[in-house]
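This briefing covers a multi-chain model, with its contacts grouped by topic. Please have the sequence and the coordinates open while reading.

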Amino acid sequence: MASVSEILPLEVIDKTIGQEVTILLKDYREFFGTLVGFDDYVNVVIENAVEYLEDKEIKRFQGKMLLTGNNIAMLIPGGKPVSE
Amino acid sequence: MASVSEILPLEVIDKTIGQEVTILLKDYREFFGTLVGFDDYVNVVIENAVEYLEDKEIKRFQGKMLLTGNNIAMLIPGGKPVSE
Amino acid sequence: MASVSEILPLEVIDKTIGQEVTILLKDYREFFGTLVGFDDYVNVVIENAVEYLEDKEIKRFQGKMLLTGNNIAMLIPGGKPVSE
Amino acid sequence: MASVSEILPLEVIDKTIGQEVTILLKDYREFFGTLVGFDDYVNVVIENAVEYLEDKEIKRFQGKMLLTGNNIAMLIPGGKPVSE
Amino acid sequence: MASVSEILPLEVIDKTIGQEVTILLKDYREFFGTLVGFDDYVNVVIENAVEYLEDKEIKRFQGKMLLTGNNIAMLIPGGKPVSE
Amino acid sequence: MASVSEILPLEVIDKTIGQEVTILLKDYREFFGTLVGFDDYVNVVIENAVEYLEDKEIKRFQGKMLLTGNNIAMLIPGGKPVSE
Amino acid sequence: MASVSEILPLEVIDKTIGQEVTILLKDYREFFGTLVGFDDYVNVVIENAVEYLEDKEIKRFQGKMLLTGNNIAMLIPGGKPVSE
């Protein structure tokens, strides 16, 4: 097993600032946008988000959007799954 | 990737005071009104709210309304999605 | 946008003491009565409450009623929606 | 609006010690009995409780019963609704 | 109303050590056994438990069983309802 | 009632280290294995777990498995119910 | 019973850094990948994850993925069940 450099969850988020990210909520709603902020409770702010439901685009938003941490299941820097 | 100025979630809310905002609850209820206050638990106060369900207006309220933080999924300054 | 005086959520509740208020629980039950007390956890005490379900009156209560904060979704000073 | 003496939620509970009370749980189960104790988490102890479901008596208990705070939706001193 | 000696919830549990108790979980499962321990989070330990579902015995356990506090709805010293 | 030596919930877990245990999750999944560790949040580590659903074996695991505390309903040292 | 060396839950995670792991969420979604980070809240970071639903592969991801702790039910170093 090639050695892996360990990284803290909040560091992953920090390194994603200014980049694309996919956020999956606990109720399966999915948002793809640019990550512009976060805090210790994993509340996050994304910009110009596109909302997907079962991989189909359903809504576009302009500007910022705050997603509350206690409702987030997953955060994926870069965002899109490679294959299905 | 153009550089992005990082912003904390509570800063986003603070900068939205006095402006229109859409608040989505965890049970999909949606409220559009003027943001007049908030606290560290993301409890928020909006004014003259309009309630939407699946993008259809269903109720108008006059005056202030407090929405409890542990039931909020999303907060969108400016509010309305650009397109669907 | 006319300037708006910012107000903390607990201040909204405090200013509503002695006045009518509508409390909506997370399970959509709705109570309309006089607000007589609250605490930092948004536990609230109302008096002579009327219970509504989908805007139809279903029960009247005499005296005080405590509603626990972690089950409250919304608090609306003055109470009744303007129009539907 | 006649002036109203403000009262803290825990004070309401404290003043109900030794008196009848109705406790409604988040899953709509309803217990009517004598309040004999409580703590800061709104865990409560009632005595000789009668359990109701949709206003029909379904069970009687002798002695004490502890109801955990994080499952309580409402506490109504005196208890029974005035009218339906 | 005969005067009632007030008792804290954790005191009720403490006084039940070594005695029979019924524990009802939030999902309606019911366990009847001897209470042998508890902590401040209302995690409890019972011994030789019998599991009931809708008042029918479905399982017997030998030895100790830990029930986690955040899943407990009710704790009834002595246990069995008097009448239905 | 024979006198019972009181025991704290975490003590029960501690005394079960190295022994067989059944862990029931809040969603009724059941795991039977050797308890090898735990912490104050009742996160637990078991080894060589067998997963049961309604008392039928459905999966075997080799090595360690961490079960998160806020999803655990019951922990039964020794494990198997005596009778059904 | 052969003696078992006790291990804390967070130690199990720590010893799995750089190795394969299966993470099961509370809603039964399952992710298999390389563990690259975690924190005290059992938020975890995995790399090149494969998503399974009822043991069938449904999605592959490249790069890192953060899974929030309050939504995780189980963490299994090494990952795959031995037999079904």
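Which side chain does the side chain of Asn43(D) join in a polar contact of 3.0 Å? The partner is Asp39(D); a polar contact is a pair of N or O atoms within 3.5 Å, where within protein one must be able to donate a hydrogen and the other to accept it, and residues adjacent in sequence count only if both atoms are side-chain atoms. The model is predicted, with local features needing pLDDT of at least 70 and side-chain atom pairs counting only at pLDDT 80 or more, while totals for chains, interfaces and linings use all residues. Residues are numbered from 1 along each chain as its sequence is written, chains are lettered from A and ligands numbered from 1 in the order in which they are written, and side-chain values use heavy atoms, with hydrogens and water left out.

- Asn43(D) sits in the loop that runs between β2 (30-38) and β3 (44-53) of chain D; strands are DSSP runs of E, at least two residues, and helices are runs of H or I, at least four, numbered from the N terminus.
- Asn43(D) counts as buried because its relative accessibility is 9%, the limit being under 20% relative accessible area with a 1.4 Å probe and protein chains only.
- Leaving aside residues up to four places away in sequence, Asn43(D) touches Gly37(D), Phe38(D), Leu67(D), Thr68(D), Gly69(D) and, from chain E, Pro9(E); contact means heavy atoms within 4.5 Å.

**Interface of chain E and chain D**

- Chain E contributes 26 residues and chain D 27 residues to the contact.
- About 2300 Å² is buried between the two chains, and carbon and sulfur atoms give 63% of that area; buried area is the accessible area (1.4 Å probe) lost on being put together, summed over both parts.
- The interface holds 1 salt bridge, defined as a side-chain nitrogen of Lys or Arg within 4 Å of a carboxyl oxygen of Asp or Glu.
- Lys59(D) and Asp55(E) form a salt bridge through their side chains, at 3.6 Å from N to O.
- On the side of chain E that touches chain D, the elements giving two or more residues are α1 (9-15), β1 (20-25) and β6 (72-77) of chain E.
- β6(E) gives the most to that side, with 6 residues.

**Relations among the copies**

- Chain A and chain E are not in contact, and their closest C-alpha atoms are 17 Å apart.

Key. Buried < 20%, exposed > 50% of the residue type's maximum accessible area, 1.4 Å probe, protein only.
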